Structure formats: C-alpha cells, structure tokens
Amino acid sequence: MRCATCSTRGRADRRQATGKTIMIRRTFLAATAIAGLATGMMPVLAHAQDGQTLDVAIVSDPVTLDPALMASFFELAVQYNIFEPLLHTTPELEIEPGLASYEMPDETTYVLTIKDGLTFHDGTTLDAEAVKANLDRYMDAETGSPRGSELGPLDSVEVTGPLEVTLKLSEPYAPFLQVLANRAGMMVSPTALEELGDDFATQAVGAGPYKVASWTKNSELRLEAFEDYWRGEPAIDEVVFRPIPDETVRINNLRSGTVQLVDGVPPQLVPQVESDESLTLKETPGLGFNAFSFNTTAAPFDDARVRRAFSMAVDPEVILQAAYFGAATPAKGAIPPSIGWAYDDSLEAPRNDPEGARQLLEEAGVEMPVSVEITVTNSPIYVRIAQILQAQANEVGFDVSINQIDSTSLITVLRERTSDLTMSPWSGRSDPDGNIFNYFTIDGPNNFPGWENEEVDRLLNEARVETDQAARAELYGQAQQIIADEAPLLFLVFPQMLQASVADLDWTQWPDGAFRLQFATME
C-alpha cells in the first residue's frame with residue numbers, strides 16, 4: 001500500500017535551471033540572479049491584515065468560474081484562489097495532500113481521506129458526500145465537462161465513511177494523482193450549485209483561500225479572504241483581478257503601483273522590469289506550449305500536404321527572437337523540456353524549408369495563392385506572431401489574412417472551427433498526458449483541429465495505463481512523431497513563464513503560471 005504523507009512545501013525564492021521555480025530579484029545593477037534559497041511553506045497561514053488589497057493585472061477575463069466548464073487558458077490565474085483541489089502540486093511538481101490525503105491499496109483503487117472540519121465558502125460541509133457529488137458531476141455526460149476525459153478510467157465513486165471516498169478505476173491510470181491536483185480535483189459547493197443554477201458560473205462557491213465578492217466582466221473580479229480556509233485565513237485580505245490586455249499598459253500599471261502583480265510580462269519589456277529596483281521579476285521554464293490549430297475538417301488544411309507546407313514555411317527562430325526575445329525554446333511537439341523524462345529532443349518536424357513548402361503545394365495541386373485566415377486574440381505578442389506567420393507563408397504560395405478577436409471568444413472559435421488556423425496556447429500540466437491526450441485523441445475535448453488518427457489514439461490511450469515511465473516515454477515519442485508528420489497543430493515555442501510584482505510582495509511562482517495567493521504576503 002502506498003500512502004501520501006502530509007509534507008508541505010513552501011514559500012520560496014528560487015533560481016533553478018532544471019524547470020523548477022526561478023526567482024530573479026532585480027536592482028539597478030542586477031543582471032544576474034540571486035542564488036535560490038529553498039524554504040518550507042507553512043501549512044497554516046498568517047491571518048489577514050485588515051484592509052490589505054492586492055491588485056492583479058491579468059491578460060484576459062476568465063470565461064467562466066465553474067471548474068466543470070473551464071476550458072481556456074484564461075481561467076488559470078484565478079482558479080486556485082477560489083477553488084482548492086483534493087491534492088496539491090508543489091512548485092517542484094510533487095503531489096501532496098490538499099483537501100484530502102490518499103492511499104492506494106492497489107493500482108486501480110484510491111482511497112481519499114478528507115480533512116475534518118472543512119466547509120465551503122457558503123458554510124456547506126465539505127465531506128465525502130460533497131466529494132462524490134463533485135466527481136459524479138464531472139463524469140456526467142450531461143454536464144459536458146472536459147473533466148470527464150481528464151478523470152479517464154474512473155469507474156465508480158463510493159462513500160465509504162463520513163470523510164472517506166473510494167475511487168475505483170477500470171484500469172491503471174498513470175496521471176490520476178496529477179489530475180486530482182488540477183481542475184478535476186476542485187471542489188464546489190453542492191448547495192450553491194443547486195441554488196444558483198446557471199448563475200454559478202459567475203458566482204462560484206468553492207473551498208479555496210478566497211471567495212467571490214463580485215465580478216464585473218471585463219473590469220474586475222473581486223475576491224475576499226475566506227476566514228475558514230483550512231490552511232488558515234490568507235495574509236492578504238482582498239484580491240482584485242483586473243483584465244488588462246495591452247501588455248505595455250500592464251507593465252506601466254505595475255511600475256506606477258496601480259497593480260502589484262502582473263501575469264504575462266512581455267519579453268521585450270523584461271529589461272524595464274529588471275532595471276527597476278522597486279519590482280521583482282520571476283521566470284521559470286513553463287509546462288505549456290504556444291501553437292496554432294489547423295482546421296483539418298475543411299479546405300485547404302484538410303490536406304496534410306498543405307498543412308506540412310505551411311509548417312515548412314515557418315522559421316521558429318524568427319518568432320523566438322522577434323516575438324519572445326529569446327524567452328522561449330522552439331517546440332516541435334506538445335511535451336516541453338521541463339518534463340524531462342518524456343521530452344524527446346530527437347523529434348523531427350518540418351520547419352524552415354521554403355522550397356520544400358512550394359514543392360508540397362504543387363504536389364497537392366491546390367490553386368495558388370492559397371487563401372488562409374489566421375485568428376488570434378488582440379494581444380500584441382500574438383498579433384506579432386500572426387504577422388510573422390503571414391509574411392513567411394506568403395513567400396511560399398499562401399495568401400494569409402489576420403483576424404483579431406477578444407480573448408473570451410477564442411474558445412468558441414476553436415470549438416466551432418470557424419477559422420483556418422487559430423492560436424491554441426496551453427498552460428501545460430505536470431504529466432505529459434495533460435499536454436497531449438485531450439488534443440490528439442479522436443474524441444478529445446481539445447481536439448480543436450478535428451483531426452482523427454487511430455494509431456495516435458491507440459498510443460495515447462496505452463500511455464495512460466502504462467505505469468513504467470520509460471515505456472510511457474517511448475509511446476509518447478511514437479505518437480509525437482506521427483503528429484509532427486501529419487501536422488494538425490503548428491507548434492511554435494515552449495515559452496518561459498514571465499511574471500512580475502512589486503518588490504514588497506512575497507509570492508511563489510509555479511511552472512504552470514497559476515497564481516496561488518494563499519501563500520503570498522505584502523510588507
């Protein structure tokens with residue numbers, strides 16, 4: 001029997017070159033990082049300081065506050081502040097207890113023991129019945145939740161005690177613990193679900209460190225500290241998330257003190273942040289990727305040769321320097337170097353071959369120039385990327401137009417496949433399954449290209465149930481090579497996670513880029 005023991009990690013200022021959290025504290029003379037000092041994260045937090053408010057600038061408003069329906073990159077900044085998962089992921093990507101601890105009597109059985117005395121924000125008891133209600137809802141086809149796919153072969157959820165839930169799987173499932181530490185492990189109040197109905201998506205009630213006070217869309221999401229949070233009431237009394245799409249405006253607001261924390265520091269503005277002794281920049285290799293989904297269900301990209309031709313027109317090094325200013329690494333697949341055991345540096349993908357691209361278009365027999373619409377959000381970095389793609393593709397026989405949309409519309413465009421090529425950023429997961437399964441299995445909820453490949457489907461399903469890490473890596477390698485050859489997605493880069501704050505804010509960065517502000521304090 002394996003058992004998770006309760007060891008809490010913590011607040012840290014780190015710089016590590018192996019994909020873990022990096023902190024870069026800057027002064028006017030600082031171009032080098034202070035050596036990282038690992039410290040222990042306290043399981044019980046300091047009490048809130050009356051009236052203390054943290055203003056956070058984020059790239060975009062969330063689409064929804066219901067974890068059952070979350071499917072976009074833009075909920076990431078807020079989700080862990082409202083909801084607490086059953087298990088917790090440390091900055092080092094280790095799994096430890098959250099709302100519950102776990103035991104594994106065998107490879108298909110997980111017994112969760114829920115902490116005693118837990119409540120949701122509305123006072124509803126968080127017990128075994130509540131956990132079962134949440135997991136059943138995620139698995140219910142009528143809910144239409146992406147969490148159902150993430151929970152994989154979960155076959156039954158049985159209440160085996162007031163604070164004990166037994167989960168039975170139909171087969172081994174290697175990523176299961178990581179899944180329970182992410183959106184599929186986030187618990188919401190069954191009482192609030194019933195009372196609020198559809199309004200729950202805007203007035204969510206969880207068990208995380210902060211509760212929703214108000215949400216004015218495209219203006220501010222205001223959260224208040226939850227005094228009965230299981231780790232102790234957070235040190236910061238109130239957190240206000242403010243969507244500021246313009247990257248320069250975000251940094252100017254940080255420098256002026258209007259906001260104290262920003263998500264998504266644009267790489268070209270890093271020197272400004274570095275040179276300001278009142279600010280702190282944090283950087284870590286991320287878990288996610290930036291890519292574009294081809295619409296493989298309609299011309300011109302229903303032909304793999306045309307997709308490959310477009311991919312071959314692209315020089316990722318230009319994007320790396322002109323859009324990311326070196327703060328990224330080129331991507332040929334879905335699994336980043338930060339997941340070292342599964343990363344495949346031998347993966348081959350067609351790139352930077354204009355002549356080969358022209359030949360493929362001729363072979364495909366398409367009428368040139370090939371008209372293509374690229375859809376991106378109105379974020380400057382994505383517009384810049386689209387312009388680079390436009391220039392490079394037009395050189396080989398495409399005629400590219402660029403369609404800009406607001407961030408909250410992106411998920412609709414992807415799902416409805418209303419564009420030829422659409423930006424598809426992914427924040428990443430600590431297990432490779434979370435980066436690849438939902439995107440490339442035939443029925444995957446993130447199969448935005450509409451691409452179907454039975455061999456890839458088989459390989460990815462096998463990788464889910466394989467418990468030997470080396471064997472899993474081999475399966476992912478085979479799947480990724482087929483994906484690279486067929487090119488349903490145009491992978492561009494694995495971005496560095498760049499975030500910044502005022503120097504008076506003490507906070508910890510996670511590789512997924514999500515904010516977990518229960519561990520933050522302000523001087």
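1. Pro369 is placed in the loop between helix H10 (354–364) and strand S17 (370–377); helices (H or I, at least four residues) and strands (E, at least two) are DSSP runs, numbered from the N terminus. The peptide bond that leads from Met368 into Pro369 is cis, with omega near 5 degrees. This is a predicted model, in which local features need pLDDT of at least 70 and side-chain atom pairs count only at pLDDT 80 or more, while totals for chains, interfaces and linings use all residues. Residues are numbered from 1 along each chain as its sequence is written, and side-chain values use heavy atoms, with hydrogens and water left out.

2. A cis peptide bond also joins Ala299 and Pro300, where omega is about 5 degrees. Pro300 belongs to the loop between strand S15 (290–294) and helix H8 (304–313).

3. Asn352, in the loop between strand S16 (328–330) and H10, is not a glycine, yet has a positive phi of about 50 degrees. Arg417 is likewise a residue other than glycine with a positive phi, near 55 degrees; its place is the loop between helix H12 (410–416) and strand S19 (421–423). Asn352 counts as partly exposed because its relative accessibility is 46%, and Arg417 counts as partly exposed at 32%. Here buried means under 20% relative accessible area, exposed over 50%, and partly exposed in between (1.4 Å probe, protein chains only).

4. Helix H2 covers residues 128–139 and contains Asn134. Its 12 residues should span 16 Å at 1.5 Å a residue, and the end C-alpha atoms are 17 Å apart, which agrees; the expected span is 1.5 Å times one less than the number of residues. The buried residues of H2 include Ala128, Val131, Leu135 and Tyr138. Among the elements that cover the buried residues of H2 are strand S7 (109–114), H3 and helix H5 (190–196).

5. Is Asn134 buried or exposed? Asn134 is buried, because its relative accessible area is 3%. Leaving aside neighbours within four places in sequence, Asn134 is in contact (heavy atoms within 4.5 Å) with Phe120, Met186, Met187, Val188 and Pro190.

6. Gly148 is part of helix H3 (residues 147–150). Not counting residues up to four places away in sequence, Gly148 touches Tyr138 and Met139.

7. For helix H11 (residues 380–394), 15 residues at 1.5 Å a residue should span 21 Å, and the end C-alpha atoms are 21 Å apart, which agrees. The buried residues of H11 include Ile381, Val383, Ile385 and Leu389.

8. Gln404 lies in strand S18 (residues 398–405) and is partly exposed because its relative accessibility is 46%. Leaving aside neighbours within four places in sequence, Gln404 is in contact with Val376, Asn378 and Val383. The C-alpha atoms of Gln404 and Ser379 are 8.8 Å apart, although 25 residues separate them along the chain.

9. Two packed helices are described by the angle between their axes and the distance between the axes. The axes of helix H13 (residues 433–440) and helix H14 (residues 454–465) come within 10 Å and cross at roughly 145 degrees; axes are lines fitted to C-alpha atoms, for helices over the stretch in contact, and angles run from 0 to 180 degrees between N-to-C directions. Residues of H13 including Ile436 and Phe437 meet residues of H14 including Val456 and Leu460.
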